[in-house]
Amino acid sequence: MTTAALIEILVKVILLLGGVMTAAAYFVLLERRMAAWVQDRVGPNRVGIPLTRIRIFGLGQPLADGVKFIMKEEYTPAHVDKRMYVLAPIVILVAALTVFAVIPFGSVLPVDLGIEGLSEPIRLVVAPGMDVAVFVIFGLSSIAVYGVILGGWASNNKYSFLGALRSSAQLIAYELPLGLGILGVVVAAGSLDLEAIISAQATSGWWFILAQPLGCVVFVVAAFAEAARLPFDLPECEQELIGGYHTEYSGIKLLLFLVAEFLHMITAAFLIVILFLGGWHFWGLTGAGEQVGLVQAVLRVMVLSGKVFLVILLFMLIRWSWPRFRFDQLMALAWKVMLPLGLVNLVSVAILDQLRTAWQLDAWWSNPLLIAANWGICLLAWIVVAYAQPLIADNRPQQELELYDVDPQV
Amino acid sequence: MEPGLIPILILAAASLALAVGMLALGSLLGPRRFGRVKQMPYESGMDPIHDARRRFDVRFHLVAIVFLVFDVELLFLYPWAVANKDPQGLPRIAEQVGQGGGFSGGLVFAEVLFFVALLAMGFVYAWRKGVFRWR
């Protein structure tokens with residue numbers, strides 16, 4: 001590895017860390033303004049430039065929050081397991097940040113800086129050409145479970161413990177639908193590289209949300225659950241568990257947990273856009289090839305970030321539109337709805353894909369035909385789920401229950 | 001070591017430095033005050049009765065086992081998903097074995113479908129056993 005390549009990586013890492021942390025801070029402000037808008041309040045709009053009366057829509061709020069968090073007391077309660085207690089926020093933040101190494105922020109930037117040894121054109125991803133990117137994301141997002149369990153266990157608090165238990169069960173339950181949703185995309189694109197998945201959508205012009213609607217639904221629901229956003233925020237539901245696994249945390253350690261959570265949401269938005277919404281591709285605007293001019297390259301970056309922004313807005317709107325699930329409904333949704341739907345999607349996508357290769361369907365009507373078949377399967381699955389009603393279970397305490405009526409499993 | 005991994009390791013090291021640096025900054029700049037009540041676990045103002053680390057419901061354990069089974073089995077499908085269409089993958093093997101070898105993409109696909117069917121059978125078994133029932 002040459003020095004120039006190393007410096008390129010370092011510059012990318014610094015830009016990425018700065019950009020992502022700033023983005024997370026300002027998305028917090030956006031979320032608070034949005035919450036205020038939904039609830040007919042004004043929201044944080046007063047912090048501007050210090051010592052002046054200029055307010056600029058509260059854009060100084062994230063900076064003020066950061067300073068406040070740093071100046072707070074760094075407090076460790078007496079009853080905790082000290083090493084684990086400090087380790088948990090570090091683990092969860094490092095895992096949440098490292099995921100961004102394989103996420104492309106655009107395609108390429110065709111500029112010649114005149115430096116020898118620099119790869120050219122510059123690829124807008126920290127670790128370019130990572131052909132197991134999907135596995136890297138899976139592995140690192142699974143480490144988040146360790147952070148949650150470490151935090152909940154080390155806190156030695158009943159709220160934390162319950163939050164960590166629920167959280168671990170939820171995260172591992174929704175990892176299966178997440179994997180099934182991605183597997184359908186991998187079968188169709190034939191690669192685990194996120195850049196290759198985007199270019200597969202760009203060259204065919206059919207985004208995977210159009211080609212695999214069922215897989216998209218399964219993946220989006222699982223991504224919401226993995227990011228622990230409402231309606232899946234059971235790990236830390238304030239009304240029942242105070243703060244869940246971070247009840248005993250305060251000051252900068254709490255900040256690390258909160259930032260990591262926001263980063264999970266941003267990662268989920270990036271994955272939804274890259275896997276199902278065509279990444280940087282937009283019809284008639286960005287082109288599809290590997291060779292791009294400067295204007296097109298910038299357009300691709302803007303299209304990708306615009307899509308990610310819209311998906312994050314969707315996350316925030318859904319937070320204020322849906323009530324939280326009960327825990328048994330959450331588990332039923334994961335195991336009895338999403339997992340079978342994911343399997344159905346995988347099998348149908350694989351069979352249709354195999355038929356296309358076996359019968360050599362290359363005509364102009366073959367793609368729309370196969371996609372129509374996928375939409376039919378999606379509709380059918382929806383109707384079956386609607387009639388079976390697996391989420392409706394009578395959970396009220398039943399006084400007239402006889403002893404032999406109790407499930408032998410319980 | 002795989003050269004593609006180096007940027008990921010650098011990013012991991014940088015974010016570790018960021019996290020540790022923020023914690024250090026917080027402990028340097030923040031005030032410190034201690035108190036006997038402040039050191040108690042927070043339980044909405046009640047005095048805690050016992051330790052938090054108690055026995056919990058066995059169904060969490062069942063879910064963990066079922067997760068392990070399905071996750072590992074799903075992992076086996078990824079190599080097929082990548083090798084299926086890659087010209088260096090299954091098509092090349094089929095070409096090398098030739099017509100008489102009895103190897104084709106269709107056969108592999110049938111095996112994959114059989115594998116998924118086995119997975120679905122395990123899933124139905126766990127469902128019938130009541131692993132997914134919470135109440």
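The side chains of A:E31 and A:R319 meet in a salt bridge, with N and O 3.0 Å apart; the term stands for a side-chain nitrogen of Lys or Arg within 4 Å of a carboxyl oxygen of Asp or Glu. This pair links distant parts of the chain, with A:E31 in helix 1 of chain A and A:R319 in helix 11 (residues 294-319) of chain A, 288 residues apart. Helices here are DSSP runs of H or I with at least four residues, numbered from the N terminus.

Before going on, a word on the ground rules. This is a predicted model, where local features need pLDDT of at least 70 and side-chain atom pairs count only at pLDDT 80 or more, while totals for chains, interfaces and linings use all residues. Residues are numbered from 1 along each chain as its sequence is written, chains are lettered from A and ligands numbered from 1 in the order in which they are written, and side-chain values use heavy atoms, with hydrogens and water left out.

**Charged pairs**

How many salt bridges does the structure hold over all chains? There are four. Side chains of opposite charge can pair when their charged atoms come close. Three of these pairs are set out below.

| Pair | N to O distance | Places in chain A |
|---|---|---|
| A:E31 and A:R319 | 3.0 Å | helix 1 and helix 11 |
| A:E8 and A:K12 | 3.1 Å | helix 1 (residues 3-38) |
| A:D65 and A:R32 | 3.3 Å | helix 2 (residues 61-71) and helix 1 |

How exposed are the partners? A residue counts as buried under 20% relative accessible area, exposed over 50% and partly exposed in between, using a 1.4 Å probe and protein chains only. A:E31 is buried at 5%, whereas A:R319 is partly exposed at 26%. A:E31 and A:R319 also belong to one network with A:R229, joined by salt bridges that share partners.

The pair within helix 1 has another setting. A:E8 and A:K12 are four residues apart, so about one helical turn separates them. A:E8 is buried, with a relative accessible area of 13%, and A:K12 is buried too, at 14%.

The salt bridge of A:D65 with A:R32 has its closest N and O atoms 3.3 Å apart. Because A:D65 lies in helix 2 and A:R32 in helix 1, this pair ties together parts that are 33 residues apart in sequence. A:R32 is partly exposed, at 34% relative accessibility.

**Nonpolar residues, inside and out**

In soluble globular proteins, nonpolar side chains tend to be buried together. The largest nonpolar core in this model has 146 residues; such a core is a set of buried Ala, Val, Leu, Ile, Met, Phe, Trp, Tyr and Cys residues joined through side-chain atoms within 4.5 Å. Helix 10 (residues 251-276) of chain A gives the most to this core, with 20 residues. Among the residues with the most contacts inside the core are A:Y174, A:W335 and B:W80. Setting aside neighbours within four places in sequence, A:Y174 is in contact (heavy atoms within 4.5 Å) with residues including A:V221, A:F232 and A:L330.

On the surface, A:I49, A:I54, A:I56, A:F57 and A:L59 form a nonpolar patch with about 490 Å² of accessible area together. Patch members have over 30% relative accessible area and no salt bridge, with nonpolar side chains joined within 5 Å and like charges within 9 Å; areas come from the Shrake-Rupley method with a 1.4 Å probe. A:F57 sits in the loop between helix 1 and helix 2 of chain A and is exposed, at 68%.

**Some individual residues**

Most residues other than glycine have a negative phi. A:D40 has a positive phi near 60 degrees; this residue is in the loop between helix 1 and helix 2 of chain A and is exposed, at 74%. A:A228 also has a positive phi, near 55 degrees, and lies in the loop between helix 8 (213-226) and helix 9 (238-241) of chain A. A:A228 is buried, at 15%.

Which residues of chain B does A:Q354 contact? Beyond neighbours within four places in sequence, A:Q354 is in contact with B:N84, B:G105, B:G106 and B:F109. A:Q354 lies in helix 12 (residues 327-359) of chain A and is buried, at 15% relative accessibility.

Conventions: Helices (H or I, at least four residues) and strands (E, at least two) are DSSP runs, numbered from the N terminus.
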